[in-house]
Amino acid sequence: MRFEGIFTALVTPFFKGEFDKVSMGRLLERQMEAGVAGVVVCGTTGETPTLTAEEYEKVVGFVVAEAKGKLIVIAGSGTNSTKTTIERCKVARDLGVDALLVVTPYYNKPTQEGLFAHFAEVAKAVNLPVLIYNVPSRTGVSIAPDTVSRLAQLSGIAGIKEASGSVDAVREIVRKAPESFSCLSGDDALALPSFAVGAVGVVSVASNVVPEHMVRLWELWKAGDTKNARILDWKLAPLYKALFIETNPIPCKAALAMKGIIRSEEVRLPLLMASEATKQALEKALRALE
């Protein structure tokens with residue numbers, strides 16, 4: 001399985017405090033119509049830390065039932081315990097996902113050797129492609145390109161979502177890893193620069209809201225139309241910025257509710273719903289794309 005193109009980091013819609021299947025169904029339908037390569041369910045954007053074990057299974061199971069065979073379905077399944085991560089990966093595997101997105105263990109801040117051992121154990125225990133997720137702004141630890149290149153030699157380690165905010169890290173990973181290893185940008189704002197140094201796609205927050213634009217950006221790049229890719233990226237830049245004025249997925253859910261794709265912009269504590277200033281910035285960015 002090749003991981004290339006636009007992968008949407010799905011929000012988890014809530015309505016009156018519960019998982020909203022109706023809104024998730026609408027969201028998935030738009031993703032399929034736009035032609036994204038796949039979706040990530042229960043990742044950071046999906047507010048996974050606030051989901052119970054039962055809700056995790058319900059959300060992942062729903063997305064698999066609706067989208068598998070039409071989109072690549074990747075489940076966020078990382079924790080800061082190797083044992084617990086393997087258990088969650090097996091739950092996601094048994095629910096039928098195509099691949100697993102495993103974040104670097106947060107809070108306990110393992111060394112590079114600890115990170116290598118963690119991912120090696122997960123890959124050995126679960127017979128599914130594993131994508132490493134590097135997001136040091138949230139976890140407090142960053143996996144080095146040299147460690148990634150070592151992991152890329154292992155069976156089952158298929159790629160990385162590189163969300164450190166560094167195009168240089170993307171460059172080094174692509175340079176050192178096998179060609180079969182998929183390096184995906186984890187930052188919408190750095191997607192196009194990352195494509196230029198070898199990333200083969202992006203795990204996108206913006207594609208929740210404007211999947212057709214993100215797919216077009218990738219298609220233009222793949223076709224070698226760098227001029228129009230750059231122009232589209234310029235147009236998308238205000239939305240990229242607006243979606244991170246407050247903690248993700250607060251602005252993303254507000255934008256989706258504005259567009260009528262989800263019924264409610266509800267997030268779970270300790271997150272709060274978007275401020276009026278954020279909503280105004282989102283409205284302005286969305287109008288510019290009409």
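Is lysine 109 buried or exposed? Lysine 109 is exposed, at a relative accessible area of 54%. The cut-offs here are under 20% relative accessible area for buried, over 50% for exposed, and partly exposed in between, with a 1.4 Å probe and protein chains only.

Before going on, the ground rules. This is a predicted model, in which local features need pLDDT of at least 70 and side-chain atom pairs count only at pLDDT 80 or more, while totals for chains, interfaces and linings use all residues. Residues are numbered from 1 along each chain as its sequence is written, and side-chain values use heavy atoms, with hydrogens and water left out.

Back to lysine 109. Lysine 109 lies in the loop between E6 and H4. Those labels are DSSP runs numbered from the N terminus, with helices (H or I) of at least four residues and strands (E) of at least two. Phi of lysine 109 is positive, about 50 degrees, although the residue is not a glycine. Tyrosine 107 is found in the loop between strand E6 (99-103) and helix H4 (112-125). Phi of tyrosine 107 is positive too, near 70 degrees, and at 74% relative accessibility tyrosine 107 counts as exposed. For background, most residues other than glycine have a negative phi, and most peptide bonds are trans.

The bond from asparagine 248 to proline 249 is cis, with omega near 10 degrees, and proline 249 sits in the loop between H11 and H12. The bond from leucine 269 to proline 270 is also cis, with omega near 15 degrees; proline 270 is in the loop between H12 and H13.

Next, helix H11, residues 226-242. The expected span of a helix is 1.5 Å times one less than its number of residues. For the 17 residues of H11 that gives 24 Å, and the end C-alpha atoms are 24 Å apart, so the two agree.

Which residues of H11 are buried? They are Ala229, Leu232, Asp233, Leu236, Leu239, Tyr240 and Ala242. In general, an α-helix has 3.6 residues a turn, so residues three or four places apart point the same way. The buried residues of H11 pack against helices H8 (191-196), H9 (206-209), H10 (211-222), H12 (250-258) and H13 (276-288). Contact means heavy atoms within 4.5 Å.

Now strand E1, residues 5-9. Of its 5 residues, 5 are buried, so E1 is largely enclosed by the rest of the structure. Strands count as paired if DSSP finds at least two bridges between them. E1 runs parallel to strand E10 (residues 201-204), joined by 4 bridges, and glycine 5 has glycine 201 as its bridge partner there. E1 also pairs with strand E4 (residues 38-41), again in the parallel sense, over 3 bridges.

Threonine 8 is in E1 and stands opposite valine 39 in E4. At 0% relative accessibility, threonine 8 counts as buried. Beyond four places in sequence, threonine 8 touches Gln31, Val36, Gly38, Val39, Val40, Ser204, Ser207 and Asn208. Serine 194 is 186 residues away along the chain, with 17 Å between the two C-alpha atoms.

On to the nonpolar cores. A core is a set of buried Ala, Val, Leu, Ile, Met, Phe, Trp, Tyr and Cys residues joined through side-chain atoms within 4.5 Å. The largest has 85 residues, and Met24, Val41, Val97 and Leu100 touch the most other members. Helix H2 (residues 53-67) gives the most to this core, 7 residues. A second, separate core has 17 residues, among them Ala9, Val40, Val103 and Ala163. As for valine 41, its contacts outside four places in sequence are Leu10, Val59, Val60, Val63, Val73, Ile74, Ala75 and Gly76.

Last, the cysteines. How many disulfides are there? The count is 0, taking a disulfide as a pair of cysteine sulfur atoms within 2.5 Å. For cysteine 42, the nearest cysteine sulfur belongs to cysteine 89, 13 Å away. Cysteine 42 is buried, with a relative accessible area of 3%. Cysteine 252 is in no disulfide either, and the nearest cysteine sulfur, that of cysteine 42, is 15 Å away. Cysteine 252 also counts as buried, at 0% relative accessibility.
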